[in-house]
Amino acid sequence: MSQLTDRLERDLREIAAAAHPSASAWESIAARLGSERASEVTLLLAPEPVRSKRPLRIAVAAAAALVVITGSVVVLSNRDPDTTDNPPDSPPPTATVAPTIPPPAAPFVGVWVSTDTDGSSQTIEIVRSSGDDYEFLYRDAFASTCSGAPATMIGTGQLETAERLVFAQPELTCDDGTIPRLGPPPQLELADFTFELDAAADEFIDPFGIVWRRAGSTDGPTEPSGVTVPGSTTATSGGMWPQSTLAEVRAAQELADAGDPDYTWQLDEVLATEPKPWAAEIFPRFIREELGWAEFVSGESISAGFTGGDGEGSYGGIVFIRCAPGQTNPLSPLFEDAPSSIRGCAPTIDQLTYETVSFAVNQPDRRGPSGIWVLQGWKLLETSANPITLWEILEPQNFGEYQVEQVIPPSDADVTALLQAFLQARVDGEGAEQYLLREPEQSWAQDREVQLLYATTSGAQYVRSEIRRLTGPVWPNGSMEYVVQLVAADGTVVEQYFHVVRHDGQLRLVYGFASVDVPTTENGQPVAIPYSLLDGEVTLAADPPWYGEFNDPTVLRFECQPGRSETGTTGCPGGRERMVIAADPLPVQEGCTNPPAAGDAEALAQSIMADPGFETIRTVPVRIAGIDALQIDGVVSSQWDTNWALCYSMWTTDAQSFRIRLYLMDHPGESAKVITIAVIALETQFERVLEQTTPIVESLEFRLG
Amino acid sequence: MRTMGKKGAQDPATDDPVAQLDALYRVEYAGMVRLAYALLGNNAEAEEIVQDSLIEVYRRWNEIRKPGAYLRCTVVSRCRSALQRRKMRPSYPLEEPCVSAAASELWDVLTRLSDDHRMVVVLRYYGGYTASDIAVMLEMPAATVRSHLRRGLATLKKELAE
């Protein structure tokens, strides 16, 4: 997979470089800003806030359509109140007699329910307006096309045959006012939206192949998995809460602004200011009032992750698990290091699996401390699928994708047997690989090879070993981290870190996720990892946590990758630094051509320093690996992607400048003309990065015929 | 060389939003157009979207803390909408970028991916964003991003191998 991703990075850069941003774009923008500023004067005189009205109009229109159509079908005889999507506190529809009551014999007329492909429940109400003319109202409480917000679709159509109802051009809108992924109405993909009736089964199929059954029929849609508790919801997902439309949110915002305590609680300081969203009041309110869970534990206790939270008014993937009331976790004796909240939380599905709910919250109307927060959507997660990466195997709860499931930790005897077999194979000199868990085939992460697998740096074979548990078992997957010590015949001591995990029913070892920055030491010192370019003509070595990856055969990129310990000090300056060694990087590109590589280091240096995106600070002649080289110190903008081979993947979008040190030298071999080394970091971290990467530069050697 | 990171790090010499937007433009414009181009495959459309997005940033200048991040999300969101609109009313033709044969081959395969798969792949491997970053930008769960990424990569692997 790494070859593919390397190619993607390289070719996508080339494709993106084919764009030709206009040099005079600012003039066009400035002209538009001029008219914007003129309109601001007008807007300041207007009583409404300065906001786009378009989403609101859509929401209001959808809401109006909903009211009209709901009003016209409310007297349908078999409507199941449990299938409506009205918010709990909204008034029931007025039971006025609609002027277009369809005759009971009309085949499609009625309220229909189904389960969407994403697991959410949805309803369709169909009424006959006159003759063969019909109208329908579709509601999806958790619409994927609306990023989880509720959706409404309305349409008018005609009965073509007794079993075929066609709606020429339905219109789908998101209740939160956003534009559906299908685009704004009219959505051509929905043209000729056809329902095919199976009269005998009293069900119909929509164009997406979803089967709809009458609400209240005994053969209804599949109910959600999990433990059903009296009084709790039977839905598996839902949309905005406690308000359900943008119009309602704006009304609630006004009441909150006025100090109404029924709404001021939605001005949540936790969500507005804290980096951890779980303590927000909206979650326990919803969980107790809507899900009916009496006891639950937040994702903070289970080290779960979440998205967003950058102060821009939204969070996603916020997870809570349900606890069986009055019970303790039956596995608590096996997870002595787990938080007390987890040790006291018994699963509700079976002894291992917890009902798990995931939330998204946002501020749909006004962002900042004065804006109210609402649930954008919620979903009960389902049982796990195959993890994609080793990282997901080690920390499944961090991904918030599936029901949280605890794993019975392996016994000491089982772990000891595994580690001893692994270490014995290393002493024997073969067969150790079988005990290691590799990155899954679909993973985009790169496997990290176990260093000194069968011998020390000097080639001495191992004679004995010791193991020591460092952490674990860690809840929920029961993983444990061990320090392994191997002693070689010459007395050299190699120390390494491994995790033991149970995967697909087997115990395996995982290397590369140590809690420390340096996963392998030899006599207490980091073990350098060797690298080479140009078929071995150029060699070098780097100490972890600096790891190199090839972007292509001539570009080797080093990044500092710290260990996983949250409490330990990390040796990496800031996560934005890197060092790139490249053979024959392309000079500054012009137009849509790939110019030939520079003829020598001097020509490349001139090309780089002539680049307007590069600001030269100084040039210094130096010697590297016994060869004359030119050192250029400079500053580059984050978008400096000419000479991209030098600053591979430095492209960022937070618009900061980077310090760069370049070494350029003529390659003494035949495989290339120029070798370049680039060390790049933010200004504040540059000196520290230079200090860390200097040994890598000094390790460079040319090995020619 | 001018720099601009968070709003608090702006050039203190001016509070004029237009001047600040100008600074943002100078450091972000070209990169954003390239990103939009990689997503859309049309230079004019990419420029239009980035310019519209800068105007949007200007309108919300007093509401947002991180103009760069907001611009990035706006550009990506508008690119996504543009791809959706394109299905109904194609307005901008897909251009054939003037690139090497290997990149051209990749482009051909990329354009055959679904919009979501292509966007996630481009944002991950050109933009360098994490699944969580992309989830925020595309307003979809991180799990969905990873799923799109896995499927997109699987398709690319298969198509490029043939």
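**Close-up views of a predicted two-chain model**

**View 1. Confidence along chain A of the predicted model.** Where pLDDT is low, the predicted coordinates should not be read in detail. Chain A averages a pLDDT of 76, and 75% of the residues score at least 70; confidence in this chain is lowest in helix α3 (residues 54-73), at a mean of 27, and highest in strand β17 (residues 479-488), at 95. Helices (H or I, at least four residues) and strands (E, at least two) are DSSP runs, numbered from the N terminus. Because this is a predicted model, local features need pLDDT of at least 70 and side-chain atom pairs count only at pLDDT 80 or more, whereas totals for chains, interfaces and linings use all residues. Residues are numbered from 1 along each chain as its sequence is written, while chains are lettered from A and ligands numbered from 1 in the order in which they are written.

**View 2. Strand β26 of chain A between two antiparallel partners.** In strand β26(A) (residues 578-583), 6 of 6 residues are buried, a residue being buried if 20 or more other C-beta atoms lie within 10 Å of its own, exposed if 12 or fewer, and partly exposed in between, with C-beta atoms placed from the backbone. Arg578(A), Val580(A) and Ala582(A) point one way from the strand, and Met579(A), Ile581(A) and Ala583(A) point the other way. Strand β25(A) (residues 555-560) pairs with β26(A) in the antiparallel sense over 5 bridges, two strands being paired if DSSP finds at least two bridges between them, and here Leu556(A) stands opposite Ile581(A). Strand β30(A) (residues 674-682) also pairs with β26(A) in the antiparallel sense, over 6 bridges, and Ile675(A) in β30(A) is the bridge partner of Ala583(A).

**View 3. An open sheet of 3 strands in chain A.** The strand order is β22-β23-β31, with antiparallel pairing, and the edge strands β22 (529-533) and β31 (701-702) each pair on one side only. Strand β23(A) (residues 538-542) meets β31(A) over 2 bridges, and Val538(A) stands opposite Phe702(A) in β31(A).

**View 4. The loop residue Glu355(A).** Glu355(A) lies in the loop between α8 (340-343) and β14 (356-362) of chain A, and it counts as buried because it has 25 C-beta neighbours inside 10 Å. Thr383(A) is 28 residues from Glu355(A) in sequence, and their C-alpha atoms are 9.3 Å apart in space.

**View 5. The kinked helix α1 of chain B.** Chain B has 7 helices and 0 strands, and 52% of its 162 residues count as buried. Helix α1(B) (residues 17-40) has 24 residues, but its end C-alpha atoms are only 29 Å apart, short of the 34 Å that a straight helix would reach at 1.5 Å a residue, where the expected span is 1.5 Å times one less than the number of residues. A kink of about 50° is centred on Glu28(B), the bend at a residue being the angle between axes fitted to the seven residues ending there and the seven starting there. Just after α1(B), Gly41(B) takes a positive phi of about 75°.

Note on methods. pLDDT = per-residue confidence, 0-100.
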